[in-house]
Amino acid sequence: MQSWPAPDVPRLPGGGPPLRLFDSATEQIRPTAPAAEARIYVCGITPYDATHMGHAATYVAFDMVQRYWLDAGHTVHYVQNVTDIDDPLLERAAATGQDWRDIARRETELFSRDMEALRVIPPRDFIGAVESIPWVVDCVQRLRERGAVYELDGDLYFDVTSDRLFGEVSHLDESEMLRLFGERGGDPGRPGKRHALDPLLWRAARPDEPAWDTALGHGRPGWHIECVAIALDTLGMGFDVQGGGRDLVFPHHEMGASHAEVMTADWPFARHYVHGGMVGLDGEKMSKSRGNLVFVSRLLQAGVDPGAIRLALLGQHYRSDWEWTPQVLAGAEDRLARWRAAAAEADGAAGESSALRTLDVMRDRLSDDLDTPGALAAIDRWAQEALRSGGAAADGRVVAEACDALLGVDLTGPGA
Ligand code: 5CA
Ligand code: ZN
């Protein structure tokens with residue numbers, strides 16, 4: 001698929017410490033240790049509705065990872081999927097009388113425009129589930145060779161007992177796994193399965209459902225195997241980070257690790273499993289199925305500066321659960337205006353050392369499991385000093401470039 005145009009990312013002087021991130025599998029903050037080319041897979045959208053603040057928070061968080069690695073001199077191979085065939089799309093199509101392909105195309109385009117406006121660096125590979133079907137077929141055949149697949153009325157299931165490490169990502173007990181599996185697309189109660197947690201790898205064609213003719217029969221891919229097939233084809237085993245929101249820890253990332261590790265007899269699928277918190281509205285997780293959504297595109301249409309949306313998201317730590325409120329956005333708009341005013345006024349070369357110190361603090365805070373509130377506070381202090389001194393004691397160029405490169409926030413916009 002075509003992704004969106006890339007923003008410019010300025011090169012900054014110097015460098016920071018290695019990026020440390022919380023890994024759900026080891027339940028620790030550990031340093032990432034990418035090779036010259038860092039490899040990251042972030043689970044993409046299911047395009048049946050527009051991008052909401054929860055999605056935006058997740059993709060901006062992983063954009064911070066990419067930006068930090070770029071600043072450290074790595075190239076980054078970033079891969080993102082689009083789940084452009086799955087039950088929610090077909091349900092939306094049936095409910096609205098539209099073609100599922102039109103919904104997927106339209107919502108993926110809208111997502112891309114939202115990401116571009118938010119200055120999210122695009123993935124190098126942006127791959128739809130439909131495009132990945134040949135790789136899925138290959139993966140299922142490899143799992144079959146390992147004896148990890150069985151058939152139930154034409155559907156193919158993965159046998160979770162074939163993975164002795166099952167549970168390594170989520171560490172949940174079985175009753176919790178069963179509850180989440182049922183809530184998040186699984187079918188624990190289907191009669192005839194060997195184990196209630198076994199996930200679907202291939203769904204045989206049903207009347208009125210789209211299906212593809214493959215060596216596995218006429219049907220469509222399961223969800224977890226889609227991300228495994230795309231990640232292994234583009235990145236291979238042992239890539240640096242698999243990312244997504246916390247609702248993907250189980251079953252999605254647990255099953256993905258399991259499929260990949262059984263299939264390849266290798267470990268690990270990903271070196272870090274990194275999960276963002278859930279953004280809520282009015283006390284509930286923001287989700288398409290609940291319908292309590294604040295859309296990025298609506299805010300942009302209403303004239304909200306995308307830099308303010310980004311700052312509203314970055315004002316929260318990526319792992320915390322938080323609520324979207326009009327006050328969060330208003331606070332970010334004020335902050336952006338202050339920073340822009342400070343950057344516009346600050347023309348004193350005498351302030352270079354304080355600007356470079358600010359950059360050091362930003363890198364230090366970001367390297368510590370993406371402490372964006374800490375990085376923002378460093379710029380607040382710099383801006384306050386710049387405005388207090390009427391700009392004479394501050395170098396605006398370095399800080400503006402640091403905001404641009406590390407935070408993706410443009411200080412040359414309106415108000416500057
Ligand atoms: N297509 C699958 C992943 S392969 C999927 O989960 N799609 S999604 O559209 O439901 O979500 C896209 C991403 O946004 C996921 O990483 C998900 O964890 C994240 N996400 C969804 N809702 C929220 C929310 N309320 N807060 C934070 N992140 C969210
Ligand atoms: Zn995924």
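**Entry 1: Asp-321 and Arg-246**

I started with the salt bridge between Asp-321 and Arg-246, where the closest N and O atoms are 3.1 Å apart. Worth noting for everything below: this is a predicted model. The pair links distant parts of the chain, 75 residues apart. I found Asp-321 in the loop between helix H9 (306-314) and strand S15 (322-323), and Arg-246 in the loop between strand S11 (239-245) and helix H7 (249-264). I also looked up the exposure of Arg-246: the residue is partly exposed, with a relative accessible area of 32%.

**Entry 2: the two domains**

Next I wanted the overall layout. The chain is divided into domain 1, residues 20-276, and domain 2, residues 306-407. Taken over C-alpha atoms, their centres lie 34 Å apart.

I then asked which three residues supply more than any other three of the area that domain 1 buries against domain 2. They are Met-53, Met-64 and Tyr-68, with 28%.

**Entry 3: polar links across the domains**

I counted 12 residue pairs in polar contact between domain 1 and domain 2, both partners being at pLDDT 80 or more.

Salt bridges between the two domains number 5. I also looked at Asp-71 and Arg-363, whose side chains meet in a salt bridge at 2.7 Å, N to O.

**Entry 4: salt bridges over the whole structure**

A search of the whole structure gave me 30 salt bridges. As a reminder to myself, side chains of opposite charge can pair when their charged atoms come close.

One of those I opened joins Lys-193 and Asp-187, at 2.7 Å from N to O. Asp-187 is partly exposed, at 23%.

Another joins Arg-365 and Asp-368, at 3.2 Å. Here Arg-365 is partly exposed, with a relative accessible area of 22%, and Asp-368 is partly exposed too, at 24%.

**Entry 5: Asn-81**

Last, I turned to a polar side chain. Asn-81 sits in strand S4, residues 75-82, and is buried, with a relative accessible area of 1%.

What does the side chain of Asn-81 make polar contact with? One partner is the side chain of Tyr-41, at 3.2 Å. Another is the side chain of Thr-83, also joined by a polar contact of 3.2 Å.

I then listed the surroundings of Asn-81, leaving aside its neighbours within four places in sequence. The residues in contact include the run Tyr-41, Val-42, Cys-43, Gly-44 and Ile-45. Also in contact with Asn-81 are Ile-127, Glu-226, Cys-227 and Ile-230.

Methods
Residues are numbered from 1 along each chain as its sequence is written. Chains are lettered from A and ligands numbered from 1 in the order in which they are written. This is a predicted model: local features need pLDDT of at least 70, side-chain atom pairs count only at pLDDT 80 or more; totals for chains, interfaces and linings use all residues. Side-chain values use heavy atoms; hydrogens and water are left out. Domain bounds come from an automatic or database domain assignment. Buried area is the accessible area (1.4 Å probe) that two parts lose on being put together, summed over both. A salt bridge is a side-chain nitrogen of Lys or Arg within 4 Å of a carboxyl oxygen of Asp or Glu. A polar contact is a pair of N or O atoms within 3.5 Å; within protein, one must be able to donate a hydrogen and the other to accept it, and residues adjacent in sequence count only if both atoms are side-chain atoms. Buried means under 20% relative accessible area, exposed over 50%, partly exposed in between (1.4 Å probe, protein chains only). Helices (H or I, at least four residues) and strands (E, at least two) are DSSP runs, numbered from the N terminus. Contact means heavy atoms within 4.5 Å.
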